[in-house]
Amino acid sequence: MTRLDLVRWQFDLTWSLFEIHLEALTDDDFLWEPAAVCWTVRIGSDGLWRPDWDENELDPVPVPTIGWISWHIGWWWSVALDHLHQRTVRERTDILWPGSGGSAMVWLRRLKDEYRALLDRLSDDDLDAAATFPWPGESDKTVAHTLAWLNAELMKNVAEVGQLRLIRAARAGL
């Protein structure tokens, strides 16, 4: 097994766990607010959906909605793919939520397909190239580090979505 085979296996495992939750989610689940202090996605007067955001660490830390987490996944994954494909990198404020749970699932699955296609094109030698994301400035990190970070970040976000889905279902007696 090569290093890239291991990265692919880890990603496929994590995504398969995400699909269990995605298949069970409804549109209402995405905007359910689990706490009084909460971050979500909101429609603006221009009809576009934007996430709550603050550049400062808040206390208490807002609990995110599944909608916010889905935007967060889409944001970091889009930017990471921009870096890995050496495209113009979008700003956080350029990444909008698509407006419904169903649309968010389509968006995330499209990003999954783009990422998996990238993994299929890479070679083990490509893993040793210098990486520019998510580490600022000069770094000794490689593409392998970026891919490991992507898989770990996805795993963390999948766990968050799953936990919120289970808590909402338990509270609703579903």
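This is a predicted model: local features need pLDDT of at least 70, side-chain atom pairs count only at pLDDT 80 or more; totals for chains, interfaces and linings use all residues.
Contact here means that heavy atoms lie within 4.5 Å of each other. On the helix 1 side, Leu4, Val7, Arg8, Phe11, Asp12, Trp15, Phe18, Glu19, Leu22 and Glu23 meet a set of residues in helix 4, namely Met105, Leu108, Arg109, Lys112, Tyr115, Arg116, Leu119 and Asp120. The two helices pack with their axes 11 Å apart and at an angle of about 165°. Because angles over 145 degrees count as roughly antiparallel, helix 1 is roughly antiparallel to helix 4. Their crossing is left-handed.

Arg8 belongs to helix 1, and its relative accessibility is 15%. Since buried means under 20%, Arg8 counts as buried. A polar atom of the Arg8 side chain lies 2.8 Å from the backbone oxygen of Leu119. Apart from neighbours within four places in sequence, Arg8 is in contact with Arg116, Leu119, Asp120 and Leu122.

Helix 1 also meets helix 5. The axes of helix 1 (residues 3-24) and helix 5 come within 10 Å and cross at roughly 20°. This angle makes helix 1 roughly parallel to helix 5. The residues that make the contact are Leu4, Val7, Gln10, Phe11, Thr14, Trp15, Leu17, Phe18, His21 and Ala24 from helix 1, together with Leu147, Asn151, Leu154, Met155, Val158, Val161, Gly162 and Arg165 from helix 5. Here, too, the crossing is left-handed, with helix 1 passing helix 5.

An α-helix has 3.6 residues a turn, so residues three or four places apart point the same way.

Asn151 sits in helix 5 and, at 1% relative accessibility, counts as buried. Which partners does the side chain of Asn151 reach through polar atoms? One is the backbone oxygen of Val7, at 3.2 Å. Another is the side chain of Gln10, joined to that of Asn151 by a polar contact of 3.1 Å. When neighbours within four places in sequence are left aside, the residues in contact with Asn151 are Val7, Gln10, Phe11, Thr14 and Tyr115.

Helix 5 itself covers residues 143-172. At 1.5 Å a residue, its 30 residues should span 44 Å, and the end C-alpha atoms are 43 Å apart, which agrees. After helix 5 comes Gly173, whose phi is positive, near 70°.

Helix 3 is another partner of helix 5. The axes of helix 3 (residues 66-84) and helix 5 come within 10 Å, crossing at roughly 170°. That angle makes helix 3 roughly antiparallel to helix 5. Helix 3 contributes Ile66, Ile69, His72, Ile73, Trp76, Trp77, Ala80 and Leu84, which meet Val143, Thr146, Leu147, Trp149, Leu150, Glu153, Leu154, Asn157, Glu160, Val161, Leu164 and Arg165 in helix 5.

Asp59 and Pro60 are joined by a cis peptide bond with omega of about 5°. Pro60 lies in the loop between strand 3 (49-51) and strand 4 (63-64). A cis peptide bond also leads from Phe133 to Pro134, and its omega is near 5°. Pro134 is placed in the loop between helix 4 (101-121) and helix 5.

Gln86 is found in the loop between helix 3 and helix 4. Although Gln86 is not a glycine, its phi is positive, at about 55°. Is Gln86 buried or exposed? With 75% relative accessibility, Gln86 counts as exposed.

Gly47 and Gly99 are 52 residues apart in sequence, yet their C-alpha atoms are 9.0 Å apart in space.

Note on methods. Residues are numbered from 1 along each chain as its sequence is written. Side-chain values use heavy atoms; hydrogens and water are left out. Helices (H or I, at least four residues) and strands (E, at least two) are DSSP runs, numbered from the N terminus. The expected span of a helix is 1.5 Å times one less than its number of residues. Buried means under 20% relative accessible area, exposed over 50%, partly exposed in between (1.4 Å probe, protein chains only). A polar contact is a pair of N or O atoms within 3.5 Å; within protein, one must be able to donate a hydrogen and the other to accept it, and residues adjacent in sequence count only if both atoms are side-chain atoms. Axes are lines fitted to C-alpha atoms, for helices over the stretch in contact, and angles run from 0 to 180 degrees between N-to-C directions. Angles under 35 degrees count as roughly parallel, over 145 as roughly antiparallel, 65 to 115 as roughly perpendicular and the rest as oblique. A crossing is left-handed if the near helix is turned anticlockwise from the far one by less than a right angle, and right-handed if clockwise.
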